[in-house]
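I wanted to look up a pocket, a helix pair and a peptide bond.

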Amino acid sequence: MQSLTIQDNLSVAKTFYESGMFPDIKSSSQAMVKIMAGKEFGIEPFAAMSGIHIISGKPTIGAGLMAQRVKKSGKYTYNVLQLNDSICEIEFIQLPKTILGKSTFTIEDAKKAGTKNIDRFPKNMLFARAISNGVRWYTPDIYESVVYVPEEMQEVEQLNQTIQQAEVLPQLTDEAVIHSIECCETLADLKALYNSDSRFANYKQLFSIAKTKLNDIQKDDLQSK
């Protein structure tokens, strides 16, 4: 790929934006981001404009570009063994004839993963997921970093959110749990506390004792009235 200067890329980005041929691009700066992302993946500017999509700040590559990169690598190739509305199975090969393994993605897998447009374009979606998984499993060296197709980015984002939430949860200690329980003044407070964190399931006995005490207090209050 011909090396372009920053100024060259800015000029190309401006031309792409002003052409109006790429409706997802709202400014020359956005076009520049696609071009620079394409450079990282060894993709020419026009192909980057068509095949790279920026989702939540993360570059994703169309399945066609990903498959093309495997074929053009000179090191790998693949064969589509099955492709229909229910399953896509792709065999990955290291040239000349070493079979690395198979990547299979089914309609059931897609539904579990919440893959978008699976009902409208099942073959396309299944191929995209199978080729993406296969590239990461068997031919990861064709790219400088981990790549995804747009169809799986929603799943990746959900995983990242789960990881981030797990990272920010403070460590539970017995003292902290006991203090939180003691701050509960009603059974409703105690129930809300228990349901607020799945880790409280490890302290069922403490919550049970607290529930009994609050029940007794509630009975005493009723009797006094």
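Predicted model: local features only at pLDDT ≥ 70, side-chain atom pairs only at ≥ 80, totals over all residues.

I sorted the lining residues of the largest pocket by type and got eight nonpolar, two charged and no polar. The names I wrote down are Ile178, Ile181, Glu182, Cys184, Leu206, Ile209, Ala210, Lys213, Leu214 and Ile217. For the volume of this largest pocket I noted about 220 Å³.

Which helix gives the most to that lining? I found that H10 does, with six residues.

Next entry: a helix pair. I looked at helix H4 (residues 63-72) against helix H6 (residues 122-138), and their axes come within 9 Å and cross at roughly 40°. That angle is why I put H4 down as oblique to H6. I also checked the hand of the H4 and H6 crossing, and it is left-handed.

Which residues meet there? From H4 I listed Ala63, Met66, Ala67 and Val70, and facing them from H6 are Phe127, Ala128, Ile131, Ser132 and Val135. By type, I made the H4 contact with H6 eight nonpolar, one polar and no charged.

Last entry: the backbone. Most peptide bonds are trans, so I went looking for an exception. I got one from Leu95 to Pro96, a cis bond with omega near 10°. Where does Pro96 sit? I placed Pro96 in the loop between strand E4 (87-94) and strand E5 (98-106).

Methods: Residues numbered from 1 in each chain as written. Heavy atoms only, no water. 1 Å grid on protein atoms, 1.4 Å probe; cavity = no way out; pocket = protein on both sides within 12 Å on 5 of 7 lines; lining within 4 Å. Points joined across faces, edges and corners; volume = space filled by probe spheres on them. Helix = DSSP H or I, 4+ residues; strand = E, 2+ residues; numbered from the N terminus. Nonpolar A, V, L, I, M, F, W, Y, C, P; charged D, E, K, R; others polar. Axes fitted to C-alpha atoms, helices over the stretch in contact; angles between N-to-C directions. Parallel < 35°, antiparallel > 145°, perpendicular 65-115°, else oblique. Left-handed = near helix turned anticlockwise from the far one by under 90°. Contact = heavy atoms within 4.5 Å.
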